[in-house]
Amino acid sequence: MVDKSQLLRGTLEGCIVKIIGDEETYGYEIISRLQDYGFDDVREGTTYPILVRLERKKIITSKYKESPLGPKRKYYFLTETGEEFLNEFQLVWNDVKKSVDKVLKGE
C-alpha cells in the first residue's frame with residue numbers, strides 16, 4: 001500500500017513556500033488553502049513543523065501582526081533565499097513529474 005505521507009513529505013514543503021510566495025499569510029490560512037487544493041489530510045501537526053523548518057533554513061520569515069478577529073497572528077513571508085528555493089522547487093518538480101508520468105504511461 002502506498003504511504004501518502006511519505007510521498008507528500010518534500011512536495012508539501014514546496015507547496016507551502018508557493019502559497020507564502022503568493023501573499024503574506026498565517027498558519028491556519030495556509031492549512032485551509034492546502035485543503036482547498038485537495039490536500040485533505042493536511043493538519044496543524046503536519047504544517048507547523050514544516051513552517052518551523054522553513055524558518056530555520058531562512059526560506060521564510062515571520063512577523064506578528066494584529067488580527068481583526070482576535071489575538072495577533074504570525075504572518076509568514078518569503079525571503080530572497082525562499083524565492084530561489086521556490087524557483088528551484090518548480091524546476092525539480094516539473095522534471096520529477098515528467099519522469100513519473102513517463103513511467104506510469106509506459107513511454
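# Close-up views of a predicted model

**View 1. Strands S2 and S3 pair side by side.** S2 and S3 run antiparallel and are joined over seven bridges. Two strands count as paired if DSSP finds at least two bridges between them. This is a predicted model: local features need pLDDT of at least 70, side-chain atom pairs count only at pLDDT 80 or more, and totals for chains, interfaces and linings use all residues. Residues are numbered from 1 along each chain as its sequence is written, and side-chain values use heavy atoms, with hydrogens and water left out. Within this pairing, Tyr64 stands opposite Lys74 in S3. A hairpin of two residues joins S2 to S3.

**View 2. The whole fold.** The protein has four helices and three strands. Helices (H or I, at least four residues) and strands (E, at least two) are DSSP runs, numbered from the N terminus. From the N terminus on, the order of elements is α-β-α-α-β-β-α. The C-alpha trace spans about 55 × 30 × 20 Å along its principal axes. How many of the 107 residues count as buried? The share is 30%. Buried means under 20% relative accessible area, exposed means over 50%, and partly exposed lies in between (1.4 Å probe, protein chains only).

**View 3. The open sheet.** Three strands form this sheet in the order S1-S3-S2, with antiparallel pairing. Tyr26 faces Tyr75 in S3 as its opposite residue. In a regular strand the side chains alternate between the two faces of the sheet.

**View 4. Phe77 in strand S3.** Phe77 has its place in strand S3. Phe77 counts as partly exposed because its relative accessibility is 22%. Phe77 and Phe89 are twelve residues apart along the chain. Their C-alpha atoms are separated by 17 Å.

View 5. The structure holds nine salt bridges. A salt bridge is a side-chain nitrogen of Lys or Arg within 4 Å of a carboxyl oxygen of Asp or Glu. One of them joins the side chains of Lys18 and Asp22 (2.8 Å, N to O). Both residues lie in helix H1 (residues 4–22), four residues apart, which is about one turn of the helix. Lys18 is partly exposed because its relative accessibility is 35%. Asp22 is partly exposed too, with a relative accessible area of 41%.

View 6. The side chains of Glu24 and Lys65 meet in a salt bridge (2.4 Å, N to O). This pair links distant parts of the chain. Glu24 sits in the loop between H1 and S1, Lys65 sits in strand S2, and 41 residues separate them. Glu24 is partly exposed, because its relative accessible area is 35%. Lys65 is partly exposed at 28% relative accessibility. Lys72 forms a salt bridge with Glu66, and their closest N and O atoms are 3.9 Å apart. Are Lys72 and Glu66 buried or exposed? Both are exposed. Elsewhere, salt bridges that share partners join Lys18, Asp22, Glu23 and Arg33 into one network.

**View 7. The loop at Lys58.** Lys58 lies in the loop between helix H3 (44–56) and S2. Its phi is positive, about 60°, although Lys58 is not a glycine. Most residues other than glycine have a negative phi. Lys58 counts as exposed because its relative accessible area is 58%.

View 8. Val92, Trp93, Val96, Val100, Val103 and Leu104 form a nonpolar surface patch, with about 580 Å² of accessible area together. Patches are made of residues with over 30% relative accessible area and no salt bridge: like charges are joined within 9 Å, nonpolar side chains (Val, Leu, Ile, Met, Phe, Trp, Tyr) within 5 Å. Accessible areas come from the Shrake-Rupley method with a 1.4 Å probe; for residues, only the protein chains shown count as cover. Val100 is found in helix H4 (residues 80–105). Val100 is partly exposed, at 42% relative accessibility. Glu80, Glu83, Glu84 and Glu88 gather in a surface patch of negative charge. Lys and Arg count as positive and Asp and Glu as negative; His and the chain ends are not counted. The place of a charge is taken as NZ of Lys, CZ of Arg, CG of Asp or CD of Glu. Glu84 is found in helix H4.
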